[in-house]
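Thanks for asking me to look this one over.

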Amino acid sequence: MLKAAICGGSGYAGGELIRLLSNHPFVKITAVTSEKSAGKSVSDLFPHLSTYSGLIYEPLNKLKLLNRADLFFMALPHAESQEAVDFFFRNKKKIIDLSADYRLRSPAIYEEWYKTPHKYKTTLKKAVYGLPELYRKQIAKSSLIANPGCYPTGAILGLYPALKNKL
């Protein structure tokens with residue numbers, strides 16, 4: 001059984017992760033974080049997830065969470081995942097980051113788009129863009145997956161056959 005923590009579990013993406021993972025036969029959610037909803041249960045925010053009424057939101061304390069999960073989902077806003085991703089990555093945990101913090105390989109381009117510097121350039125270089133249609137082998141070997149956004153996914157998958165065939 002894979003133990004998973006969801007950091008930023010009270011927003012839309014976090015709620016959907018809980019819903020999706022609740023049906024996975026080999027995943028157990030062991031922790032959910034939310035600064036605003038700390039102390040509330042998952043079912044307080046998402047009544048349709050009543051099976052998780054015993055799972056309580058807690059603040060994101062990286063040291064406290066470190067040994068409670070094998071896999072960390074980051075559902076935090078852009079620019080807020082950087083530090084936590086770097087910490088868990090350096091501590092040999094697997095991470096799937098749903099923010100844009102590790103999607104762009106270039107720190108300069110990241111700063112141009114998000115108006116904030118990327119503070120963890122070494123970890124940024126280790127991220128694999130999580131589009132399995134293009135990077136399946138790299139994803140399987142990686143400990144840091146940068147989940148692509150919906151607009152880039154649609155554009156990339158639509159254009160890829162033309163690019164691949166040099167059209």
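The points below cover the ground rules, the cysteines, the cores and one serine.

1. This is a predicted model, in which local features need pLDDT of at least 70 and side-chain atom pairs count only at pLDDT 80 or more, while totals for chains, interfaces and linings use all residues. Residues are numbered from 1 along each chain as its sequence is written, and side-chain values use heavy atoms, leaving out hydrogens and water.

2. A disulfide here is a pair of cysteine sulfur atoms within 2.5 Å, and the count comes to zero. Buried means under 20% relative accessible area, exposed over 50%, and partly exposed in between, with a 1.4 Å probe and protein chains only. Cys-7 is buried at 0%, whereas Cys-150 is exposed at 62%.

3. A nonpolar core is a set of buried Ala, Val, Leu, Ile, Met, Phe, Trp, Tyr and Cys residues joined through side-chain atoms within 4.5 Å. The largest has 19 residues, and Cys-7, Phe-72, Met-74, Phe-88, Ile-95 and Tyr-102 have the most contacts inside it. Two or more residues come from each of β1 (2–7), β4 (71–74), α4 (82–90) and β7 (144–146); α4 gives the most, with four. Helices (H or I, at least four residues) and strands (E, at least two) are DSSP runs, numbered from the N terminus.

4. A second, separate core has 17 residues, including Val-32, Tyr-52, Leu-55 and Ala-75.

5. Do look at Ser-81, in the loop between β4 and α4. Ser-81 is buried, with a relative accessible area of 0%. Its side chain makes a polar contact of 3.2 Å with that of Asp-97. Such a contact is a pair of N or O atoms within 3.5 Å; within protein, one must be able to donate a hydrogen and the other to accept it, and residues adjacent in sequence count only if both atoms are side-chain atoms.
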